[in-house]
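Student: I would like to go through this structure with you. Could we begin with the backbone and then turn to the helices?
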Amino acid sequence: MPAPGENLKVNPDRLWDSLMDMAKIGPGIAGGNNRQTLTDEDAEGRALFQSWCEAAGCTMGLDQMGNMFARREGTDPDALPVYMGSHLDTQPTGGKYDGVLGVLGGLEVLRSMNDLGIKTKHPIVLTNFTNEEGARYAPPMLSSGVMAGIHTQDWAYARVDAEGKTFGDELKRIGWRGEEEVGARKMHAFFELHIEQGPILEAEGKDIGVVTHGQGLSWTQVTVKGKDAHTGSTPMPMRRNAGLGMARILEKVEEIAWSHAPHAVGAAGHIEVYPNSRNVIPGEVIFTVDFRSPELSVIEDMEARLRVEGQKIADDMGLEVAFEKMGGFDPVAFDEGCVTALRNAAERLGYSHMDLISGAGHDACWMNRLTPTAMVMCPCVDGLSHNEAEEITKEWAMAGADVLLHAVVETAEIVG
């Protein structure tokens, strides 16, 4: 199939304006966004996105999980579509680009194709996935997970937020529950553009990251029980300090992760301490250990060592400990053909690039189970993400969208 010409590029000013216009919906308190899934702000962002897609000549599909599908027709109605996309929902203190660049970069691909009169054999479909972040409804990548058969729709609908509101009820309330069966779509390929959410590209001075693998993830909830007692009047030898037990287990988590350097990581981000009073020795702590690696055997080793070493620490301290696997997914190896299309696009366009392993979960990780998939990333300042100070440059956004454009158009097969 013919490759797109090197002069085929997106309109960076229009892309940037779209990013800034979307950022006006659900503004944060420090320059970012709070547009959590299935909120009124999410509904408003969806409506704006749909209006832009329809103005670009696309038809909009909507499934029962609220996933949005903007379709640009191809010349062969029987050819399977090439998909691209990401998510518009944000963290409570999220940035303006995480996920959003992948959706609006995809929109800019469609607009640029219209400008240049490009026709493709395969239709092209731009997707906005519901609840990628998992901030309001756990787990993350919920709707793409239902598409991929990881979760059932009923289970997803029953997810509850901090206020006791279910996913299914809130999806219906905001008016974005479609009738289309989830997972019924067949795809030719899927591409996702995203900010790196890490510091490597900026540190290496590269314009583009071609994602070859996605790290696997393991979440284990650890509950340590001791005895809450007065911090002042309880002698040191008589204490059963659950907080100290947690601290020693977390030191072991650090040691385990370092033993698999450089690609393995581990930490606890969610911690609850009971009774959480200044003058009471903690009687119970609950925390979730997050292990990640691009190798399944490494994840399994880290999980096993956490349980063995954590149990030994608890036994030595006279504490009780319990471990519960709360979620996770296996490492992902993206499709070689799609990866090559992205790498060739960067070369053709003259953008510096390097291969990357994604440290975060993305909808593309689940789409990889359904169709040939790959991801392209652009740098973000200081690698900062899930933070209102998240920042990229217009040039980085343009480079990522340019590479996406070339890979999608080539995969969808230019006609004429």
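Student: Where does Gln197 lie?
Tutor: This is a predicted model. In it, Gln197 is in the loop between strand 6 (189–195) and helix 7 (200–204).

Student: What is the phi of Gln197?
Tutor: Its phi is positive, about 65°, although Gln197 is not a glycine. Glu413 likewise is not a glycine and has a positive phi, of about 70°.

Student: Where is Glu413, then?
Tutor: Glu413 is located in the loop between helix 12 and strand 17 (414–415).

Student: Moving on to peptide bonds: which residue is joined to Pro262 by a cis bond?
Tutor: That residue is Ala261, and omega is near 10°. Pro262 belongs to the loop between helix 8 (242–258) and strand 10 (265–274). A cis peptide bond also joins Tyr274 and Pro275, with omega about 0°. Pro275 is in the loop between strand 10 and strand 11 (280–281).

Student: Now the helices. At what angle do helix 10 and helix 12 pack?
Tutor: Helix 10 (residues 336–349) and helix 12 (residues 394–412) pack at about 120°, with their axes 8 Å apart. Helix 10 is therefore oblique to helix 12. The crossing is right-handed.

Student: Which residues make that contact?
Tutor: Helix 10 contributes Ala341, Leu342, Ala345, Ala346, Arg348 and Leu349, while helix 12 contributes Asp402, Val403, His406, Ala407, Glu410 and Thr411. By class, there are 7 nonpolar, 2 polar and 3 charged residues in this contact.

Student: And how do helix 1 and helix 12 cross?
Tutor: The axes of helix 1 (residues 12–23) and helix 12 cross at roughly 110° and come within 9 Å. Helix 1 is therefore roughly perpendicular to helix 12. On the helix 1 side the contact is made by Pro12, Asp13, Leu15 and Trp16, and on the helix 12 side by Lys394, Ala397, Met398 and Ala401.

Student: How many of those are nonpolar, polar and charged?
Tutor: The contact of helix 1 with helix 12 has 6 nonpolar, no polar and 2 charged residues.

Student: One last topic: why does Ser144 count as buried?
Tutor: Ser144 counts as buried because its relative accessibility is 0%, and the cut-off for buried is under 20%. Ser144 is part of helix 4 (residues 142–147).

Student: What lies 3.3 Å from a polar atom of its side chain?
Tutor: The backbone oxygen of Met141 lies at that distance from the Ser144 side-chain atom. Leaving aside neighbours within four places in sequence, Ser144 is in contact with Phe129, Asp363, Trp366 and Met367.

Methods:
Residues numbered from 1 in each chain as written. Predicted model: local features only at pLDDT ≥ 70, side-chain atom pairs only at ≥ 80, totals over all residues. Heavy atoms only, no water. Axes fitted to C-alpha atoms, helices over the stretch in contact; angles between N-to-C directions. Helix = DSSP H or I, 4+ residues; strand = E, 2+ residues; numbered from the N terminus. Parallel < 35°, antiparallel > 145°, perpendicular 65-115°, else oblique. Left-handed = near helix turned anticlockwise from the far one by under 90°. Contact = heavy atoms within 4.5 Å. Nonpolar A, V, L, I, M, F, W, Y, C, P; charged D, E, K, R; others polar. Buried < 20%, exposed > 50% of the residue type's maximum accessible area, 1.4 Å probe, protein only. Polar contact = N/O pair within 3.5 Å; in protein donor to acceptor, adjacent residues only side chain to side chain.
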